[in-house]
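Visitor: I would be grateful for a close look at a single part of this structure. Please take me through it step by step.

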Amino acid sequence: MPRSLFDKVWDAHVVEELPGGNALVFMDLTVAHEITTPPGAIAIERDFDDQLYDARRIVSMIDHVAPAKDSATALQAQTVRTWSKRHQIRFHDIGDNGICHVLVPERGYVTPGMTVCCGDSHTCTLGALGAFALGIGTTAQAGAMLAGCLILQRPKVMQVEVTGALTAGATAKDLALSVIATIGFRGGTGYVLEYSGSAIRALTMEQRMTLCNMAIEAGATTGIIAADETTAAYLAATPAAPSGWPLQQADPDAEYAASVTIDGSAIRPVVSWGTNPGECSPIDGIVPFDAPEESLTYMDLRPGQRMSSIAVDQAFIGSCTNSRIGDLRAAADVLRGQRVSVPTIITPGSQAVRRQAEREGLHDIFQDAGALWTHSSCGPCLGMSMGVLAPGTRCISSSNRNFPGRMGDGGRVHLAAPAVVAASAILGRLASPAEIDAPAAVSA
Amino acid sequence: MIVAGYVLPIPRANIDTDQIIPARHLTRIDAEGMGEHLFEGMADGVELLARHPEASIVVAGENFGCGSSREHAAWALLGRGFSAVIAPSFARIFSENAYTNALLPITLPHHTVEMLMATRHITIDVVNETLCADDGEQIRFALDPLRKQFVLGGGFLNYLQAKIPAVRAWEAMR
């Protein structure tokens with residue numbers, strides 16, 4: 001029977017079928033960070049003699065609050081640090097760290113056909129490498145560390161074919177947001193999104209990661225993209241330079257539980273106006289007249305309002321969605337020789353990304369423009385540290401969630417690509433990079 | 001196993017885990033203390049809990065628990081004395097976390113959930129997968145047959161521990 005790419009990866013990892021459509025699925029790699037790992041690691045130590053299935057199948061890091069901001073987060077970091085050393089787990093401490101979904105691929109830890117889990121919903125990012133990678137809870141992660149497996153319901157597979165090619169100005173972030181708007185904020189629930197088509201093939205690995213990163217925002221278990229020569233070149237350039245991985249693709253006549261086709265050439269730069277990532281409009285468009293009142297009340301917007309009339313109080317470029325070197329280059333292209341007019345935080349996705357950016361002089365462009373250039377952390381994306389929003393303030397952000405309160409109690413978040421965030425930081429309102437050479441006046 | 005309690009109606013879809021427990025509270029190395037911050041990320045969350053001080057069963061709209069994978073969302077609900085969430089649909093990770101922690105995630109059709117939203121008290125027969133609201137008719141629901149055992153008797157990690165020999169044998173044959 002012809003199979004999808006996802007089916008092939010899944011089938012190769014089923015240890016045992018379990019009752020009720022569940023399966024015991026082998027995990028080639030478990031990624032462990034300091035926020036969600038400690039209770040599980042402690043439970044294994046306390047109740048299971050500190051036994052891990054295979055410590056070589058774990059990689060750990062400090063990423064969410066790096067370095068610790070207080071005693072409580074310091075204890076979280078210290079717990080992961082001592083546990084990692086005790087088990088000789090590959091561990092990335094502050095200085096050598098990064099957001100897990102940025103660090104793990106850049107070091108070459110994930111190869112096509114692997115299964116990967118992490119107590120973090122954006123683990124779907126790694127599907128960009130042709131892996132089955134998914135977010136899970138703390139106890140499920142502990143199970144994977146203890147027994148090498150997850151208990152999972154087999155997801156259905158949705159083919160998301162993106163035809164044509166993205167046009168100038170449209171980015172992987174715009175595509176990611178447009179996919180969510182197309183299938184709906186919960187339209188991917190129960191599915192894996194298997195991306196294919198010419199517009200996908202043309203994406204760089206970093207852009208594929210941005211796209212897969214937001215599969216969870218449609219409710220999907222994960223996203224997955226077949227490996228190709230772009231994947232091979234990316235992996236060959238990583239420090240681990242893994243080789244010998246399978247070049248798997250979907251069978252040409254594979255059947256999918258659902259299929260959508262998106263015209264890549266129709267993707268336009270978009271910005272979110274609502275309280276979930278599916279609520280977006282083109283940057284040169286308006287807040288829709290049929291927008292839910294509840295979203296608009298929280299966001300303090302009105303139907304029909306021009307997107308470019310929305311003033312912002314802060315800008316953030318970072319997060320596991322858009323903090324890689326290509327994202328920083330895109331922001332630098334806009335910020336070069338300009339000045340930001342609102343507080344702007346630029347947080348690289350890993351220390352390796354930070355060092356590369358500095359080799360290219362991007363840090364000077366950012367700081368000459370008046371932006372704050374930081375070390376790597378998840379930072380304000382989830383409202384934990386390094387730039388949390390004040391109540392009632394509005395942030396244009398390259399991150400992934402615009403939920404109420406996500407970046408700080410009462411804070412309002414507009415999601416966009418890094419270049420749009422940079423342009424908005426300069427003009428102090430939602431803005432297209434195309435406006436930067438000849439800034440237009442603010443108009444309502 | 002009977003779970004009975006008063007209803008906390010949340011007539012909205014997409015109650016995400018940031019609303020259930022904001023990330024600023026995810027700073028512990030155990031599962032304790034989450035209950036006191038339940039729904040702090042929801043605009044009317046604290047007020048809602050104050051209006052329903054005895055509630056122990058959430059009845060909410062579609063896609064409950066979407067967003068972050070934080071198991072703290074299940075811990076916060078349990079820590080505040082909740083034992084079940086009834087909704088037309090759940091986010092996958094929340095549902096998995098709920099089962100693992102013996103918090104009942106009950107999926108029912110939209111119109112049934114809407115009807116339950118207006119009731120005061122619900123009695124749930126977990127073993128037989130039925131529930132009854134106020135003096136209404138018996139309503140059937142379906143639990144994941146495997147994960148139901150974790151609700152009834154816990155032991156999620158013990159179940160996986162017992163699988164280790166089979167996993168090692170599988171890996172050796174791979």
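What distance separates the centres of domain 1 of chain A and domain 2 of chain A, taken over C-alpha atoms?

Guide: Please bear in mind that the model is predicted. Taken over C-alpha atoms, the centres of domain 1 of chain A and domain 2 of chain A are 24 Å apart. Domain 1 covers residues 5-263 of chain A, and domain 2 covers residues 270-435. To their contact, domain 1 of chain A contributes 32 residues, while domain 2 of chain A contributes 27 residues.

Let us now consider the side of domain 1 of chain A that touches domain 2 of chain A. At least two of its residues come from each of helix H4 (100-106), helix H6 (172-183) and helix H8 (205-213) of chain A. H6(A) provides the largest share of this side, namely six residues.

Val179(A) counts as buried because 27 other C-beta atoms lie within 10 Å, where 20 or more are required. When neighbours within four places in sequence are left aside, Val179(A) is in contact with Val160(A), Ala218(A) and Ile262(A). As for Gln159(A), 20 residues separate it from Val179(A) in sequence, and the C-alpha to C-alpha distance between the two is 12 Å.

Terms used: Residues numbered from 1 in each chain as written. Chains lettered and ligands numbered in written order. Predicted model: local features only at pLDDT ≥ 70, side-chain atom pairs only at ≥ 80, totals over all residues. Domains from an automatic or database assignment. Contact = placed C-beta atoms within 7 Å. Helix = DSSP H or I, 4+ residues; strand = E, 2+ residues; numbered from the N terminus. Buried ≥ 20, exposed ≤ 12 C-beta atoms within 10 Å, placed from the backbone.
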